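Please have the sequence and the model at hand while reading.

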Amino acid sequence: MNGNLARKLDELEAYQVMGTVVHAEPGLFIVRTGRGDMRARRATSCLVEPRVDDFVLVAGAPSGAAWVLAVLEREEGAGASLVCDGDLEIKVPEGRVRVASKEGIDLVSQKDVSVLADGVRVHAATGSVVMDSLSYLGGLVRSEIGKLRHEGGIVERVVERVSERVKRSFRKVEEVDQVKAERIDYSAKQVMSLRAENAIVTAEELVKMDGEQIHLG
């Protein structure tokens, strides 16, 4: 009897039986049924991973092969794990996909997690991001922030232009504040005040002071 014929006979004489999982290990389950204990594999269509004490539906063949087709009943509140051997792809040709949970949602991967979309929106009361390294490539960042606090060791920026418009600006530098530029232009509408224990102004060619009154000393 060739293999194809034997398989066809198994298909004709296949049966289904219900039972309880009494032992589970990767790729193999022992199911206690009215026919006795059966060694069964998880069917490809059975995405819910069977557990010990689960009440399951088993399909058997005269050859002795058996598969767990479905988990029929499990202790209430025990949860479930969807398991697939290989890649898993969910396709929705039309409509939306929504994942909802009352307690929380975790995305865990040992490698990359990619998100490809025309737009991404995140709404949350609080948030935190922890990364060893972050790279951002984009054309525009627009933010509206009530309060921003940054704590870090080193901040480096290499940009072509920086423009800021603020109502009040306060900065405190504990040690050195150094600016190197081709031209520096400071303009104050009312008062400009420079205070120091020692002040030095050095120019290679010209130092000019112009005002209606100049007080020295």
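## Cysteines

The sulfur of C84 lies 12 Å from the closest cysteine sulfur, in C46, and therefore too far away for a bond. A disulfide is counted here when two cysteine sulfur atoms are within 2.5 Å. Across the whole structure the search returns 0 disulfides. C46 is accordingly in no disulfide, its nearest cysteine sulfur being that of C84 at 12 Å.

The two residues also have their own accessibility values. C46 is buried, at 3% relative accessible area, whereas C84 is partly exposed, at 32%. Buried stands for under 20% relative accessible area, exposed for over 50%, and partly exposed for what lies in between, using a 1.4 Å probe and protein chains only.

## Basis of the values

The model is predicted: local features need pLDDT of at least 70, side-chain atom pairs count only at pLDDT 80 or more, and totals for chains, interfaces and linings use all residues. Residues are numbered from 1 along each chain as its sequence is written, and side-chain values use heavy atoms, leaving out hydrogens and water.

## Salt bridges

Side chains of opposite charge can pair when their charged atoms come close. The rule applied asks for a side-chain nitrogen of Lys or Arg within 4 Å of a carboxyl oxygen of Asp or Glu. By this rule there are 8 salt bridges.

One of them joins R32 to D37, with N and O 2.9 Å apart. R32 is partly exposed at 48% relative accessible area, and D37 is partly exposed at 46%. Another links R149 and E151, whose closest N and O atoms are 2.8 Å apart; both of these residues are exposed. E182 and R183 also meet in a salt bridge, at 3.6 Å from N to O, and both are exposed.

## Strands and barrel

Strands here are DSSP runs of E with at least two residues, numbered from the N terminus, and two strands pair if DSSP finds at least two bridges between them. A barrel is closed by 5 strands in the order β1-β2-β3-β5-β4, with mixed pairing. From one strand to the next the twist averages 55°, taken between the N-to-C directions of lines fitted to C-alpha atoms, on a range from 0 to 180 degrees.

A59 stands opposite W67 in β5.

Technical notes
Helix = DSSP H or I, 4+ residues; strand = E, 2+ residues; numbered from the N terminus.
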